[in-house]
Amino acid sequence: MKKTTGCEYANKIKSSKRDKNLELHIAGCAECQQSQKVFDFMQKFAAQSEPPQNLPAPGFLMFKARILQKQAALKRAVQPIFWMQIAASVLFVTTIGWFLGRTQTPIISILKGTLLSLLSVAPLFIVGAVSAVVICFAFNYFLHKANK
Amino acid sequence: MDETIFEEIYEQTARPLWAYVSRISGNPTAADDILQETYLRFLNSPPKQIDLKEAKPYLYKIATNLARDRFRKLKREGKQENILPEKCEMTIENFGEELEMTQVFSRLKEQERALLWLAYVEGYEHREIAGILRLNSMSVRVLLFRARRRLAQFLESEKR
């Protein structure tokens, strides 16, 4: 089987503290010398990776986290109200429909006729709206691509 | 979470975490945003046991995921990362060397950068790296070997 993890000792070169055996091994092993080079590079590179002085203060982060938690709680609390509004609207429309179906007065008949004629042209409106949306998206996509 | 505990964790981890994110993402400005988001997520859902030993790898895990998401987003949008060391503390004397090192390191894949940093700068064991990068422990061994070899090759080619 092909060895894909290299020399066993190479993984031990992770700190500046070395025992004599490891030092002796590194001196005679090309793989470990390579590992040593990488270790030295990484140490030097890390030493040059000083962060800026103006990192955010921990107090500010705690404050921001608390505000975000409160916002999330508020959102969770409002969510049932939104679904209840949807349910109420559906119930209202269903009741009106049921009422129209049962009542037979001239005004109701006119309303019914208007509704039915609107419903008959509804598919056309839907097709038109969908086409408009598709055209808008396609236009936006090509505009975005052209800008790139 | 208790403010003093968080402050202690922050003082111990913020600077090395910033350096890690800055180097794996290759963008110090992005590192600022990722660092802030990391601590906000940490405060929002802290680990079961809140001490430095538990918190540090957890923070690295969050930061790695955020950096990965950002990297994928940039890739989707076809944008490239700015690799210039713009915000690190440096003098004119070490600017050239710093830039050279940054360029060599940026030739590695994002996962390789993370692996090398966690192993050689943070000194994490394979098992811990596997936890942070969501990899198998044995895979870490192989991937670290490959990353090491690639970096050594780049260093050799830079020398010539």
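**A leucine on a helix**

A:Leu124 lies in helix α4 of chain A, residues 106–147. Helices are DSSP runs (H or I, at least four residues; strands are E, at least two), numbered from the N terminus. This is a predicted model, in which local features need pLDDT of at least 70, side-chain atom pairs count only at pLDDT 80 or more, and totals for chains, interfaces and linings use all residues. Residues are numbered from 1 along each chain as its sequence is written, chains are lettered from A and ligands numbered from 1 in the order written, and side-chain values use heavy atoms, without hydrogens and water.

A:Leu124 counts as exposed because its relative accessibility is 65%; exposed means over 50%, buried under 20%, and partly exposed in between (1.4 Å probe, protein chains only). Together with A:Leu115, A:Leu118, A:Val121 and A:Phe125, A:Leu124 forms a nonpolar surface patch with about 520 Å² of accessible area. Patch residues have over 30% relative accessible area and no salt bridge; nonpolar side chains (Val, Leu, Ile, Met, Phe, Trp, Tyr) are joined within 5 Å, like charges within 9 Å. A salt bridge is a side-chain nitrogen of Lys or Arg within 4 Å of a carboxyl oxygen of Asp or Glu. Areas come from the Shrake-Rupley method with a 1.4 Å probe, and for residues only the protein chains shown count as cover.

Next, the chain around this patch. Chain A has four helices and zero strands. Its radius of gyration is 36 Å, well over the 15 Å that the globule rule gives for 148 residues, so chain A is more spread out than a compact globule. That radius is taken over C-alpha atoms, and the rule is 2.2 Å times the number of residues to the power 0.38. The C-alpha atoms fill a box of roughly 105 × 40 × 40 Å along the principal axes. Of the 148 residues of chain A, 22% count as buried. Chain A exposes about 11,500 Å², with 70% supplied by carbon and sulfur atoms.

Elsewhere, the structure holds 13 aromatic pairs over all chains. One of them, A:Phe41 with A:Phe45, is stacked, at 5.6 Å centre to centre and 20° between the planes. Rings of Phe, Tyr and Trp (its six-membered ring) pair if their centres lie within 6.5 Å; planes under 30 degrees apart are stacked, over 60 edge-to-face, the rest tilted. Both residues lie in helix α2 (residues 30–47) of chain A, four residues apart, about one turn of the helix. A:Phe41 is buried at 9% relative accessible area, and A:Phe45 is buried at 0%.
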